[in-house]
Amino acid sequence: MDGQDPVIAFDPEIPSTARMYDYYLGGKDNYPADREAAQEVMAMMPPGTIRTAARQNRMFLGRAVRYLARQGIRQFLDIGTGLPTMGNVHEVAQEAAPGCSVVYVDHDPVVLAHGRDMLTGTRHTTIIGYDLRQPEAILADNELRDQLDLTQPVAVLLSAVLHFIQDQEDPGGIIGRLMGALAPGSYLVISHATADSYQELDQAIHVYDSATSSMHNRTRAQVRALFTGLDLVDPGVVWLPQWHPDPGTGLAEDPGRSLCWCGAARKP
Ligand SMILES: C[S@@+](CC[C@H](N)C(=O)[O-])C[C@H]1O[C@@H](n2cnc3c(N)ncnc32)[C@H](O)[C@@H]1O
């Protein structure tokens, strides 16, 4: 990444991972190329699974943020933010604990533009343009430093973004560099695509080969390994709807239809 602009160029003809996800969620911030690619992925998977996965992922993220707020976390670093949608992290966090600070990071110029619009007039929250593969640059950013006190615990949210990092790019090393710079008591939250439940996903993700980032499924063991050195919170690495479900919400369908493993861990 050295010497390159951390933010990718805007090109409506190239499907963007952020805008495809927006389409899965039923959003409006996407272009024909994004919709075509997203529909291709959906057509390769059992009906409904992709949209279920996207919705379950947003619900997991909300539950994780509320859980962290209950643990006393007041600072959030959400990398691979995505386009504004229902239940944005700063809204959930600041409702759970007023005054929480949130820094959003993304490499997509459309996410940055919409994010800046959304945050106009919002206190304790900012969005900055970086690539996840540059953890030191992210943590050195002046706007980030204005919002986050790195001597105090921070929750790092890597929700549905690590599957855009190839093995050769060393996702575990990137996490180690991020978490290594943070205070004890900090948390890491991950959700991550997998073909463990539906092997079709190994084929379907090839649609992303012509998108802004290629996509890489990982097994449950590989996702668990990303938490190495941290204390995994119960129930460990599980399907999205299995992680701290809200009371009274039963599992209406096969949890493997969420297509993602997830978990949270605390830095000792
Ligand atoms: C599938 S969306 C997930 C959005 C949100 N985190 C969620 O879980 O609902 C993935 C986001 O990660 C961003 N992204 C992908 N690769 C990235 C990278 N290397 N650095 C920073 N952001 C990245 C995309 O632009 C997109 O906004």
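Reply: Let us begin with the terms: two strands pair if DSSP finds at least two bridges between them, and helices (H or I, at least four residues) and strands (E, at least two) are DSSP runs, numbered from the N terminus. In this structure, His-192 has Trp-261 in E8 as its bridge partner, and E5 and E8 pair in the antiparallel sense over 7 bridges.

Me: What should I know about the origin and the conventions of the model?

Reply: This is a predicted model, in which local features need pLDDT of at least 70 and side-chain atom pairs count only at pLDDT 80 or more, while totals for chains, interfaces and linings use all residues. Residues are numbered from 1 along each chain as its sequence is written, and side-chain values use heavy atoms, with hydrogens and water left out.

Me: How is the confidence to be read, and where in the protein chain is it lowest and highest?

Reply: pLDDT is the predictor's confidence in each residue, from 0 to 100. Its mean over the protein chain is 96, with 97% of the residues at 70 or more; confidence is lowest in helix H5 (residues 109–119), at a mean of 96, and highest in strand E5 (residues 187–193), at 99.

Me: Which other strands are joined to E8?

Reply: Strand E6 (residues 231–232) runs antiparallel to E8 and is joined to it by 2 bridges, with Leu-232 opposite Ala-265. Strand E7 (residues 238–239) is likewise antiparallel to E8, again through 2 bridges, and here Val-238 stands opposite Cys-262.

Me: How do I read burial, and is E4 mostly covered or mostly open?

Reply: A residue counts as buried under 20% relative accessible area, as exposed over 50%, and as partly exposed in between (1.4 Å probe, protein chains only). In strand E4 (residues 155–159), 5 of the 5 residues are buried, and both faces are covered, with Ala-155, Leu-157 and Ser-159 on one side and Val-156 and Leu-158 on the other. Strand E8 (residues 260–266) is mostly covered as well, with 6 of its 7 residues buried.
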